[in-house]
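Student: I have a structure open and would like to work through it step by step. Where should we begin?

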Amino acid sequence: MAGASKAWSPGRDVVRAEALSLQAKSEARLEPIVWGLFSLGGFITAFLLPVVILFLYLAVPLGVWPADRVGYEAMAALMADLLVQLFFLLLIAGSLFHGMHRLRHLLLDAGLESADAWLSFVLYGAAVIGSLVAFYYTILIHMPLPFP
Amino acid sequence: MAAKQVVFRVQRYRPDKRPRPYYQDYRIRYTDDMVVLDGLNVIKDAVDPTLTFRWSCRMGICGSCGANINGKPRLTCGTFIKDVVGPQVIVDPMPNFPILKDLVVDFDDFLDKLEETRPYLVRSKPKPLSDGEYRQTPAEVEAYRQYSMCINCMLCYAACPVYGASGHFLGPAALALAYRYIRDSRDRGGEERLARLSTKSGIWECTFVGECSVVCPKAVDPAGAIQNLKVLASMRTMRKLLMPKAVSR
Amino acid sequence: MPPRPYPWKRRRGWWLRNPHYLLFQAREVGGILTAIVGLILLYQVIQLQAGPDAYSAFLTIAFSPPMLGLMTVLLAFVLVHAVTWFMLLGKAQPIQLTAKPMSWRKVFAINLILWALVSIGVLYLIFGGP
């Protein structure tokens, strides 16, 4: 009977929830993976980003460091080190996956739920591309490879 | 005790009289030992018998009397008037639910979602009665005790902005209840439960706002339960990827 | 025929009416802005490869007053993200390492100390000291 309450009463038949879209109710494959990347990115950005912003972008304008500390020679010498290359790669990739995941959920919450497939493709795709570009410019570019 | 006065501004919804909700003010006397539910009952008994609201045990165990008091989801039986006098006390029905009448909301959706998480012990074969009871050590009980304290008051659903925006989020109480069974040593349905929760309308819709745990009158901490479920579900996904045959679907 | 239930509609600006919701939104925006910082870092690394002139041009913009303002705002939001991240870590302890779950305040304090140590480590190991 339409509008009948589903609260318990003696002799009530078991009621099933209305069928939702199959996608919303089948075990998610993408979600655990992007959540894991988001978590990793969260740790990386929380621990590493503040000190990097402070010294890379604020120390010179605020007069704490002389300008040549982050000048071309200094930075090029810094980036020759594999540890530094990995550091910046992790920072860039981590922040991209973290930020894109949060942006996707913000947009879903704002009402764009129906566009989720498209949103995931664009946002996580951007994170993947950004990470690959970062991999090239941090690690690959310093390795003796046949291609430029 | 000296009697003071307070104005209860209560949201009414009388579809037989007016098509939209409206506020009605009631001035009553109150004492320091009265809770908001007592105020509502004074109004119903002595001022306006048409005022409609749910309540039962008046001691915070039945979960019937949830409402928005000055904009916050609270149990009316657990909120002293003296603590919320502002000087008004604004009483609204719990948000995120359709309103049936006055402060009474329709929570059929909540009941459906509770059912979906299979909130009962799942075993491949139940023990025969002759084998006696299922035994648990105090430590095993402690593992899920906190999550078993839920009184189904729905304040967490009222506080959850994701539930408010989404048509199909399972919600804090249903997920905390599922976690309660996963943590119960007598339950054998853990993997299957996890598979049913690890969906886009299940744990992955939660963005850890955390307000559900703030408003819970029983300190169940559904937000913590959901985050734990996310970690467990992620571990399950890793196992599926690395050892696909070993994991049940 | 039973009367129609009145549907509930979430109001715009719902997150302005409760300080917890406001902090949640600030935290989410902070998380999104970490991606902006990541993109600026990426751009800096690319400009470094492009040579001294391109890199100097980048630095001139990066240290200009408007960018200084932007960076301060970004740092503020990144700090909100970091601090709320440490506060939330204690909420999920699915694998119990201690007899009883640790209170979130303890986990918060431990992570703040770790954060200070890691920051000092980054300063020395990556940037070569103060």
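Student: Start with a pair in the strands of chain B. Which residue in β5(B) stands opposite B:F8?

Tutor: This is a predicted model, so treat each value as computed from it. Strand β5 of chain B covers residues 88-92. The residue there that stands opposite B:F8 is B:V89.

Student: Which residue in β2(B) stands opposite B:Q5?

Tutor: Strand β1 (residues 4-12) of chain B is also joined to strand β2 (residues 22-30) of chain B, by nine bridges, and these two run antiparallel. In β2(B), the residue opposite B:Q5 is B:R29.

Student: In chain B, what share of the contacts with a separation of 6 or more comes from residues 24 or more positions apart?

Tutor: Here a contact means C-beta atoms within 7 Å. Among the contacts in chain B with a separation of 6 or more, residues 24 or more positions apart account for 64%.

Student: What separates the centres of domain 1 and domain 2 of chain B?

Tutor: The domain assignment gives domain 1 as 4-105 and domain 2 as 108-246. Taken over C-alpha atoms, the separation of the two centres is 31 Å.

Student: Which element gives the largest share of the side of domain 1 of chain B that touches domain 2 of chain B?

Tutor: The contact takes 13 residues from domain 1 of chain B and twelve residues from domain 2 of chain B. On the domain 1 side, the elements that give two or more residues are β3 (66-69) and β4 (72-75) of chain B. The largest share, three residues, comes from β4(B).

Student: How do the residues on that side of domain 1 of chain B divide by class?

Tutor: We stay with the side of domain 1 of chain B that touches domain 2 of chain B. Its residues divide into six nonpolar, six polar and one charged.

Student: Now chain A. What pattern does chain A follow along the sequence?

Tutor: Chain A has 148 residues, and 33% of them count as buried. It contains five helices and zero strands. Read along the sequence, the pattern is α-α-α-α-α.

Student: Why does the length of helix α5 of chain A agree with what a helix should span?

Tutor: Helix α5 (residues 116-138) of chain A has 23 residues, which at 1.5 Å a residue should span 33 Å. That agrees with the distance between its end C-alpha atoms, which is 32 Å.

Student: What do the buried residues of α5(A) pack against?

Tutor: The buried residues in α5(A) include A:L123, A:A127, A:G130 and A:A134. They pack against α4 of chain A together with α1 (19-50) of chain C.

Student: Which element gives the largest share of the side of chain C that touches chain A?

Tutor: In this contact, 38 residues of chain C meet 40 residues of chain A. The elements of chain C that give two or more residues are α1, α2 (52-62), α3 (65-89) and α4 (104-125). By class, the chain C side has 30 nonpolar, seven polar and one charged residues. The largest share, 14 residues, comes from α1(C).

Student: Which element gives the most to the side of chain A that touches chain B?

Tutor: Here 18 residues of chain A are in contact with 18 residues of chain B. The elements of chain A that give two or more residues are α1 (22-25), α2 (30-58) and α4. The one that gives the most, with five residues, is α2(A).

Student: Is A:D109 buried or exposed?

Tutor: A:D109 lies in helix α4 (residues 82-112) of chain A, and touches B:V162, B:A165 and B:T207. A residue is buried if 20 or more other C-beta atoms lie within 10 Å of its own. A:D109 has 21 within that distance, so it is buried.

Conventions:
Residues numbered from 1 in each chain as written. Chains lettered and ligands numbered in written order. Predicted model: local features only at pLDDT ≥ 70, side-chain atom pairs only at ≥ 80, totals over all residues. Helix = DSSP H or I, 4+ residues; strand = E, 2+ residues; numbered from the N terminus. Buried ≥ 20, exposed ≤ 12 C-beta atoms within 10 Å, placed from the backbone. Contact = placed C-beta atoms within 7 Å. Expected span 1.5 Å × (residues − 1). Domains from an automatic or database assignment. Nonpolar A, V, L, I, M, F, W, Y, C, P; charged D, E, K, R; others polar. Pairing = 2+ DSSP bridges. Lists of a residue's contacts leave out its neighbours within four places in sequence.
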